[in-house]
Amino acid sequence: MTAEQLRAPAEAKYAEELDWLESVDDGPKPFSWRLSPRMVRLFVLGSQRSDGLDRQIDQKWFGDTSLVERAIVTLASDRGLLLIGDPGTGKSWLAELLAAAISRDSTLVVQGTAGTTEDHIKYSWNVSMVIAKGQSRESMIPSPIMTAMERGVIGRFEELTRSTSDVQDALISILSEKYVSIPELDSDNVVFARPGFSIIATANSRDRGVNDLSSALKRRFNFVRIPVVTNKRSEADIVRFRTAELLRRHQIELDVPPTLLDILLQSFADLRGAAASATSDDEKLESALSTAEQIGVLEDAILHSQFFGERVLRAGTLAGSLVGSLARRSPEDLAILNKYLHTVVEPRGKSDGGLWPDFLEGGRQAIAALS
């Protein structure tokens with residue numbers, strides 16, 4: 001079944017692992033949770049020898065252990081969980097993993113946009129059934145959040161701060177009252193949340209000021225701030241994990257030299273350092289230079305090498321993907337990348353050699369093509 005899905009949700013992708021964890025889990029489980037908090041933590045962060053399991057559980061999210069533990073504890077309470085941080089810090093992936101481990105269903109998701117309405121988090125109507133038989137529970141279309149309430153599982157709300165204030169206000173009543181009234185019906189007109197219901201919301205810190213959360217809504221959430229990964233070892237682990245996953249998903253057999261991963265990591269570190277020391281926005285790339293964007297650069301280079309190259313990832317191809325992915329403004333971003341190539345990469349190529357000269361040439365060619 002998962003082979004026919006473009007992207008399987010976490011509960012399907014790791015179904016065998018979740019089944020095994022459930023079979024050996026003898027810890028206390030809050031409400032309707034499928035796994036105990038300890039096993040949820042192991043599923044997300046991976047197992048160690050000291051955990052005493054008969055098999056290895058691979059790490060799926062890379063970050064501060066205490067953040068994951070606080071997120072799990074929040075979901076075991078009656079408060080919602082808000083994961084907030086810069087783009088590309090893994091908020092949505094963590095939310096999906098938590099929902100998969102706790103409820104075995106991470107697909108009850110509302111995507112917050114300017115067009116999201118109150119109906120998207122409560123209910124709407126099947127118009128043809130209403131015309132034929134009138135309004136009833138059968139003709140009502142529950143939202144993913146209402147479905148989560150009825151089943152006592154985790155619902156997810158992506159990009160909360162992109163939704164308008166009236167949608168956020170509707171969410172306040174759901175989080176505080178734990179029920180939704182249906183005034184169109186004369187009977188059976190209240191949907192109560194079952195034990196185990198909670199909401200994991202995500203918000204980008206860069207969206208601050210778009211639709212700021214009210215103080216009332218903030219009180220209904222525990223905030224867990226997901227920082228940008230700055231530890232080189234942690235970021236390398238994430239990139240390697242995602243690279244292996246990418247190759248499996250696309251069924252690609254391609255040589256990815258470890259030295260090229262090092263070049264990619266170093267390039268992003270250099271560009272972040274330049275952005276931090278910049279004195280104006282014109283001297284900063286529009287890109288957030290997140291780990292997720294780094295993985296996107298690598299994916300682009302791998303696919304280009306697979307379909308148009310020699311099935312070996314080359315430094316020049318990687319540089320071309322970096323320029324193509326990060327140069328979003330012309331001429332500002334192109335000028336920043338060109339300066340980086342000539343003031344950082346070129347001297348490094350002369351002093352260190354290796355693959356840096358090829359990386360320099362590939363970057364130059366990509367900038368020339370876009371100029």
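The C-alpha centres of domain 1 and domain 2 lie 35 Å apart in this predicted model, in which local features require pLDDT of at least 70, side-chain atom pairs count only at pLDDT 80 or more, and totals for chains, interfaces and linings use all residues. Residues are numbered from 1 along each chain as its sequence is written, and side-chain values use heavy atoms, with hydrogens and water left out. The assignment places domain 1 at residues 10–226 and domain 2 at residues 232–370, these bounds coming from an automatic or database domain assignment. Nine residues of domain 1 and 10 residues of domain 2 take part in the contact between them, where contact means heavy atoms within 4.5 Å. Together the two domains bury about 730 Å², 59% of it on carbon and sulfur atoms; buried area is the accessible area (1.4 Å probe) that two parts lose on being put together, summed over both. Zero salt bridges are counted between domain 1 and domain 2, a salt bridge being a side-chain nitrogen of Lys or Arg within 4 Å of a carboxyl oxygen of Asp or Glu.

The largest nonpolar core has 78 residues, of which V44, W61, L98, I302, L322, L337 and F359 touch the most other members. Such a core is a set of buried Ala, Val, Leu, Ile, Met, Phe, Trp, Tyr and Cys residues joined through side-chain atoms within 4.5 Å, and buried means under 20% relative accessible area, exposed over 50% and partly exposed in between (1.4 Å probe, protein chains only). Helix α5 supplies the largest share of this core, nine residues; helices here are DSSP runs of H or I with at least four residues, numbered from the N terminus. Because domain 1 and domain 2 both give residues to this core, it lies between them. Apart from this core lies another, of 32 residues, which includes I84, I145, M149 and L175.

In helix α2 (residues 15–24), the buried residues are E17, L18 and L21. Viewed down the axis of α2, these residues fall within an arc of 95° and so line one face of the helix, the arc being that of the directions from the helix axis to the C-beta atoms. The face turned away from the buried side carries the exposed residues E16 and S23, whereas the cover over the buried residues of α2 includes α1 (10–13), α3 (37–45) and α5 (91–103).

Methods
Helices (H or I, at least four residues) and strands (E, at least two) are DSSP runs, numbered from the N terminus.
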